[in-house]
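Welcome to a short tour of one protein model.

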Amino acid sequence: MNTRIMVILSLFVGIGAVLHAVVPPILFGVKPDMLLSMMFLGIILFPKPKYVALLAIVTGVISALTTSAPGGQIANLIDKPITAFVFLALFLLVKNRVNINLTAPALTAIGTMVSGAVFLSVALFIVNLMNGGFIALFLTVVLPAAALNTIIMLVVHPIVQSIMKRSQPITVT
């Protein structure tokens, strides 16, 4: 694995961890997952399965450590790898067909909704609240998180894309 890429991905995870830690809970201890937008950004920049797998596992662990949702630790560990590979598959399907500046925010919204659905399904199953809680939490937590992550991606992706185009790897001769 490329050290430069690993450093960039770790910076995204660190930024996402800070965002995830400072966002207050909305309902029943469940808070929007801002770590997702950084995971999606890492997948967009480096869409290789080995990087996606590592990014998903690290993101899941960091998210599990900072969650305040009941049953959220196990749910995060299950949710992030599933979401990461669904996002990767969708990204690879549309990568060369649609402008990346349109693709990134749209896929971020879809990815956040997939993540929220998996997370809520697992967490509500663990806590044994499956009857009726899913729809309320999806509407009040996941959809606002999807909107917020989409806005973050709209702002951050063009900036990161510009930086990545300008930066050249340092080579020693």
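Predicted model: local features only at pLDDT ≥ 70, side-chain atom pairs only at ≥ 80, totals over all residues.

**The overall fold**

How many helices and strands does the secondary structure come to? The answer is six helices and zero strands, so that the elements read α-α-α-α-α-α from the N terminus on. The radius of gyration is 16 Å, close to the 16 Å that the globule rule gives for 173 residues, so the protein is as compact as a globular protein of that length. Along its principal axes, the C-alpha trace spans about 60 × 30 × 25 Å.

Buried residues account for 44% of the 173 residues. If you take the contacts between residues at least 6 apart in sequence, 72% of them join residues at least 24 apart.

**A charged network**

Now look for Asp33, which sits in the loop between α1 (3-22) and α2 (35-45). Is Asp33 buried or exposed? Its relative accessible area is 11%, and because buried means under 20%, Asp33 counts as buried. Leaving out residues up to four places away in sequence, Asp33 touches His20, Ser63, Asn76, Lys80, Ala145 and Asn149.

Side chains of opposite charge can pair when their charged atoms come close. In this model the count comes to two salt bridges. One is formed by the side chains of Asp33 and Lys80, at 2.6 Å from N to O. This pair links distant parts of the chain, since Asp33 lies in the loop between α1 and α2 while Lys80 is in helix α4, 47 residues apart. In the other, the side chain of Lys80 meets that of Asp79 at 2.8 Å, N to O. Through shared partners, the salt bridges join Asp33, Asp79 and Lys80 into one network. Lys80 is buried at 0% relative accessibility, and Asp79 is buried as well.

Ser63 also belongs in this picture. You will find Ser63 in helix α3 (residues 49-66), buried with a relative accessible area of 0%. A polar contact of 3.4 Å joins the side chains of Ser63 and Asp33. Apart from neighbours within four places in sequence, Ser63 is in contact with His20, Asp33, Leu35, Asn76 and Lys80.

Here are the side-chain pairs described above:

| Pair | Kind | Distance |
|---|---|---|
| Asp33 and Lys80 | salt bridge | 2.6 Å (N to O) |
| Lys80 and Asp79 | salt bridge | 2.8 Å (N to O) |
| Asp33 and Ser63 | polar contact | 3.4 Å |

**The surface**

Next, turn to the outside of the model. The accessible surface of the protein comes to about 8800 Å², and 75% of it belongs to carbon and sulfur atoms. Which residues form a nonpolar patch on the surface? They are Ile74, Ile78, Ile82, Val86, Phe125, Ile126 and Val127, with about 580 Å² of accessible area together. The elements that give two or more residues to this patch are α4 (72-94) and α5 (100-127). Helix α4 supplies the largest share, four residues.

Val127 is one member to pick out in the view. Val127 lies in helix α5 and is partly exposed, with a relative accessible area of 34%.

**Putting it together**

Key: Residues numbered from 1 in each chain as written. Heavy atoms only, no water. Buried < 20%, exposed > 50% of the residue type's maximum accessible area, 1.4 Å probe, protein only. Polar contact = N/O pair within 3.5 Å; in protein donor to acceptor, adjacent residues only side chain to side chain. Contact = heavy atoms within 4.5 Å. Rg over C-alpha atoms; globule rule 2.2 N^0.38 Å. Areas by Shrake-Rupley, 256 points an atom, 1.4 Å probe, with all protein chains shown as cover. Patch = residues over 30% accessible without salt bridge, like charges linked within 9 Å, V, L, I, M, F, W, Y side chains within 5 Å. Salt bridge = Lys/Arg side-chain N within 4 Å of Asp/Glu carboxyl O.
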